[in-house]
Amino acid sequence: MANSRKSPQAEAEALYERLLQRYLSLPAAKRPEGMRLALGYSGGLDSAVLLHLLARLRDDARLPAPLALQALHVHHGISPNADAWLRHCDQRCAALAVDFSHIRVDLNQAVGDGLEARARAARYAAYAGLGVDMVLLAHHRDDQAETVLYRLARGAGVHGAAGMPAMRPLGVTGRIWRPLLDEPRSALLTYARTLGLAWVEDESNAVSDYDRNYLRREVMPVLLGRFPSAPAAMARAARHFAEAASLLDALAEEDAGGVADRLPVGRLLALSGPRQRNLLRWFLARHGLRPDERQLLLVLEQMLTAKEDANPCLRLAGLEVHRYRAEICVARWVEVLTPRAVPAEGLVLLPDWCGELHWSRAVRGLSEASCVGLEVRPRQGGEMVRPRRGGPNRPVKLLLQEAGVPPWLRRRWPMLWQGDKLVAVAGIAVAADCQSEGEGAWPDWRPLDWPDLLGDK
């Protein structure tokens, strides 16, 4: 009886054809201007295979529109071989005529508990800054099985047990795509060996100190000995969990009643316990927060049991969860604000302050003389300003309260100074003796986590 098993060459070609069809099924692939893709390229086996596949895809005459391809290597600086890996990646991209760039990251500045989590956060921050249509990652079916097993061992819920999605948002308009997620690692190894690809080996993969390495080296071999089809079965289970998670998200969206940036406490109080937790989990995830069960219950308790005039705050993963005026809000945690000079015109981006300064023309705006040499500084406490000629000096703290500025935004509300003189509280008041006789320069402040706070002047 003839052996029906494909040759390695046929298997390698079949892997490429599957990738091609997945790409052609993307609606954006048919745009006249084509697609801008970037590969997260570590230099290991998986990303080496995907790099080669994508280089072939870029040159395939069957594409309906051009494809622009680049690769990004994130240098974590953890391994003593990190510089050698960087050189390898540069050389491989040059051989395939793929634009290559790299970024060195400081893991001490990354958000996350543990080295693995900080490294992952640093990579995704780098990917988000590329400004491409899609960032492609080379995760495969065995990675998905390990992810599901790892998360279940840590008590994951439905969303966590769904594993890694094949496609998910990245930043405002980008996407993360894992085109090989349904492929076993053996298929990638066959492709690499058949085409003679070169890759690097991370020496940390040989030790079981890290949780994922332990699962890969110690647990999965035992599991496969008893259940050979376990990776495929766990990948299938992940798809089932993903479907259930999407239904829970749809229920949460319905319970939210069309909320955007802030969640009314009354919405939660009207629900049963499981739906409260589901809605809060969904709302926090929209802001990039995925708390564990203990953290979720703590947030829920603090937000629902606080006194009406209280403003509880909990910090999670570099963000703050607040309750203010019977609404739950999420804001960035800003610890230190640095004074800086600002021009009195146009749009001034202040990312460290989490906002934008918009200059316009308005009655009681700054006079021309008062627009020279301006510096934005954070509040220190005790500042006073006279908003109207003949009126009294008013505490800035009181002006912010009257404007409905939440407490956490008051701490980082920009004050405009000219030397030692406070000339304006952005978006709220200009000092009377600095006002123009007619229209002057008015500084509107739009905090990114509450952009509609003051409205137009």
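Mentor: The second largest pocket has a volume of about 290 Å³, in a predicted model where local features need pLDDT of at least 70, side-chain atom pairs count only at pLDDT 80 or more, and totals for chains, interfaces and linings use all residues. Residues are numbered from 1 along each chain as its sequence is written, and side-chain values use heavy atoms, with hydrogens and water left out. A pocket here is an open set of points on a 1 Å grid over the protein atoms alone, where a 1.4 Å probe fits, with protein on both sides within 12 Å along at least five of seven lines. Grid points are joined across faces, edges and corners, and the volume is the space filled by probe spheres set on the points.

Thirteen residues line this pocket, and H287, V330, R332, L448 and D449 lie nearest its centre; a lining residue has an atom within 4 Å of a point. Strand β10 (residues 327–332) gives the largest share of the lining, four residues. Strands are DSSP E runs of at least two residues, numbered from the N terminus.

Next, the strand pairing. Strands β12, β13 and β20 form, in that order, an open antiparallel sheet, with pairing requiring at least two DSSP bridges between two strands.

Then the packing. The largest nonpolar core has 43 residues, with L366 and W413 making the most contacts inside it. Such a core is a set of buried Ala, Val, Leu, Ile, Met, Phe, Trp, Tyr and Cys residues joined through side-chain atoms within 4.5 Å. Strand β18 (residues 421–425) supplies its largest share, four residues. Neighbours within four places in sequence aside, L366 is in contact (heavy atoms within 4.5 Å) with residues including W359, V423, C434 and A441.

L422 sits in β18. It counts as buried because its relative accessibility is 9%, where buried means under 20% (1.4 Å probe, protein chains only). Among the residues L422 touches, not counting those up to four places away in sequence, are E383, M384, V396, W417 and A431. Its C-alpha atom is 9.5 Å from that of C434, 12 residues apart along the chain.

Methods
Buried < 20%, exposed > 50% of the residue type's maximum accessible area, 1.4 Å probe, protein only.
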